Amino acid sequence: MSNLQNGSDGKDFSRISIKISKELNISNEDKKLIKNFCDLCSDMLEMKGDYECFLAADRKKAKIVTTAICSFSENSIKIYCHDRALADILRSIAHEMFHLRQHELDLIPKEMNKPHHLNPVEWHANAASGSFLSYFAQKVGKDKIYR
């Protein structure tokens, strides 16, 4: 796995360590975009903890049921990336990072009484992730993200 570190700019925010499965063919340009996007999300969310972001090529090996998963106990997120567009990968990263911040703020109930797709915790993460992606694409150039 290759490893990308978040260099904090002196703010009291989190550090995101990005680990990329060797099986993924992610260009250096895309690695830099992913790192910059994680930094942006961390700063915008004012995240406090240190976290790991695993970009996985094998869903089963990474124990990802859908496209991404967040582990509060491991302070990590795992994103399934094989044959996915960069925009989709970034949106999944933002979605799971939003859940990490919700957890930091104790906004995730211990018991979820509604099905996953009807839960406001998910609605908020979906809305935020789309907004973060849109903002980032405008900042770096839509052609670099939506291809």
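Me: What should I know about the numbering and the cut-offs before I start?
Reply: Residues are numbered from 1 along each chain as its sequence is written. Because this is a predicted model, local features need pLDDT of at least 70, side-chain atom pairs count only at pLDDT 80 or more, and totals for chains, interfaces and linings use all residues, while side-chain values use heavy atoms, leaving out hydrogens and water.

Me: How do you know how confident the predictor is in the protein chain?
Reply: By pLDDT, the predictor's confidence in each residue, from 0 to 100. The chain has a mean of 91, and 90% of its residues reach 70 or more.

Me: What makes residues 5–10 a stretch to treat with care?
Reply: Their pLDDT stays under 50. The model does give them eleven contacts beyond four places in sequence, a contact being heavy atoms within 4.5 Å. Still, where pLDDT is low, the predicted coordinates should not be read in detail.

Me: Why are helix 1 and helix 3 called roughly parallel?
Reply: Helices here are DSSP runs (H or I, at least four residues), numbered from the N terminus. Helix 1 (residues 28–45) and helix 3 pack at about 30°, with axes 10 Å apart. Axes are lines fitted to C-alpha atoms over the stretch in contact, and angles run from 0 to 180 degrees between N-to-C directions. Angles under 35 degrees count as roughly parallel, over 145 as roughly antiparallel, 65 to 115 as roughly perpendicular and the rest as oblique. Helix 1 and helix 3 are therefore roughly parallel to each other.

Me: Which classes of residue make up the contact of helix 1 with helix 3?
Reply: Among the residues that meet are L33, F37 and C41 in helix 1 and L90, A94 and F98 in helix 3. The contact divides into twelve nonpolar, one polar and two charged residues. Ala, Val, Leu, Ile, Met, Phe, Trp, Tyr, Cys and Pro count as nonpolar, Asp, Glu, Lys and Arg as charged, and the others, Gly among them, as polar.

Me: Why is helix 3 called oblique to helix 4?
Reply: The axes of helix 3 (residues 86–104) and helix 4 (residues 120–140) come within 8 Å and cross at roughly 130°. That angle makes helix 3 oblique to helix 4. Their contact has ten nonpolar, six polar and two charged residues.

Key:
Helices (H or I, at least four residues) and strands (E, at least two) are DSSP runs, numbered from the N terminus.
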